[in-house]
Amino acid sequence: MNAVITGITGYLPEDVLTNAELEKLVDTSDEWILSRVGISERHVLKKGQGLGTSYMGTKAVEALLVKTGTDPLEVDGLICATTTPDYYFPTAASMIAYNTGCKNALTFDLHCACAGFIYALETAANYLRTGRYKKLIVVAGDTLTSITDYTDRSTCPLFGDGCGAVLMEPSEEELGVIDALLRTDGSGMEHLYMKGGGSAYGATHETVDKHMHYIYQDGQYVFKRAVTYMAEASLEVVKRNHLAPEDIAWIVPHQANMRIIEATARRLGVEDKVLVNIRNVGNTSAGSIPLCLWQNEYRLHKGDNLILTAFGAGFVWGAVYLKWAYDGKPATT
Ligand code: UT7
């Protein structure tokens with residue numbers, strides 16, 4: 001039994017933060033951000049109105065149910081890959097399921113930072129392979145701008161908000177999640193994390209004053225590991241599935257930095273087959289790969305071999321070999 005994606009949607013908030021606007025907040029320039037990272041603008045969820053990741057996830061899942069003609073009561077499970085749920089508890093998944101009428105679904109959040117989508121995809125695929133579940137939704141995304149320090153020029157240009165969602169169903173065809181290699185190296189913790197707000201350092205006046213509720217990143221260290229680990233994982237998956245570069249239709253890397261994307265593609269020998277949307281979306285963490293697939297859906301055909309690869313805080317990373325299951329149509333909002 002295989003597990004295939006039978007529909008994909010996404011949601012990006014209306015408000016856009018441009019590089020020109022960032023130039024007014026910190027000592028940076030459009031030229032630096034574009035040449036060093038490849039981002040021109042990013043979407044930002046409105047602040048101060050109580051909107052969080054579940055709002056974007058709800059929009060994406062509502063659109064998915066309509067697009068695929070799915071009755072929400074038929075959905076067996078809804079997994080939300082996010083590191084920025086609305087609240088510590090309850091889960092964003094339970095909120096999204098409630099908002100969209102998925103009353104018969106098991107739900108949980110899966111917290112694997114920027115690798116959240118590929119971890120959730122493999123998890124959902126394994127549920128479907130048991131034969132007990134027939135329709136699962138993976139909704140993946142983050143509101144990273146809620147934990148971005150807009151006084152820190154080394155991180156604030158990088159992140160944006162957004163959510164993607166896929167419907168997954170069983171299939172007896174040789175399509176879907178064919179292979180997955182998922183890895184962890186916890187020694188990366190101190191190089192990419194949020195110092196406060198968790199159980200180690202709960203919120204106090206001091207943690208707020210010290211900007212401990214924002215993303216901390218040692219950019220250069222993370223950059224090197226991201227390139228190495230995404231390339232290694234992808235190469236291993238390609239090798240053990242006996243895929244030649246010409247067999248690969250597209251690689252879909254996590255959209256953190258255009259230079260990381262290009263270096264990963266170079267190592268795989270598929271520079272001309274990379275799906276990219278970083279320029280207008282930025283790094284949306286768990287939302288990155290599904291949003292990129294959604295915006296490029298019209299380029300995907302049944303049987304296309306895709307290599308999805310991601311890397312995030314932990315470190316956690318991996319690669320998924322996915323055989324696309326249908327001919328794509330242009331993305332709609
Ligand atoms: O999604 C999870 C995984 N995350 C990633 O994969 C992100 C990995 N890291 C990166 O993408 C890059 O390391 C960054 C984009 C974060 C930084 O780019 P970099 O080329 O590694 O820059 P750097 O940290 O080596 O800094 C180079 C220079 C420094 O100035 P000096 O010391 O050479 O004078 C920085 O202060 O660039 C300076 N700089 C900036 N200048 C203008 C850093 N940020 C900025 C900025 N505008 N926004």
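A residue is buried if its relative accessible area is under 20%, exposed if over 50%, and partly exposed in between (1.4 Å probe, protein chains only). The model is predicted, so local features need pLDDT of at least 70 and side-chain atom pairs count only at pLDDT 80 or more, while totals for chains, interfaces and linings use all residues. Residues are numbered from 1 along each chain as its sequence is written, and side-chain values use heavy atoms, with hydrogens and water left out.

**Aromatic pairs**

Rings of Phe, Tyr and Trp (its six-membered ring) pair if their centres lie within 6.5 Å; planes under 30 degrees apart are stacked, over 60 edge-to-face and the rest tilted. The count by this rule is nine aromatic pairs. Among them is the edge-to-face pair of Y11 and Y55, with 6.0 Å centre to centre and 85° between the planes. Because Y11 belongs to strand β1 (residues 2-11) and Y55 to helix α3 (residues 53-68), this pair ties together parts 44 residues apart in sequence. Helices (H or I, at least four residues) and strands (E, at least two) are DSSP runs, numbered from the N terminus.

| Residue | Relative accessible area | Class |
|---|---|---|
| Y11 | 18% | buried |
| Y55 | 29% | partly exposed |
| Y221 | 25% | partly exposed |
| F315 | 1% | buried |

The rings of Y221 and F315 are stacked, since their centres are 6.3 Å apart and their planes stand at 25°. Y221 lies in helix α7 (residues 219-240) and F315 in the loop between β12 (305-312) and β13 (316-323), 94 residues apart. Y221 and F315 also belong to one aromatic cluster with Y229, F311 and W317.
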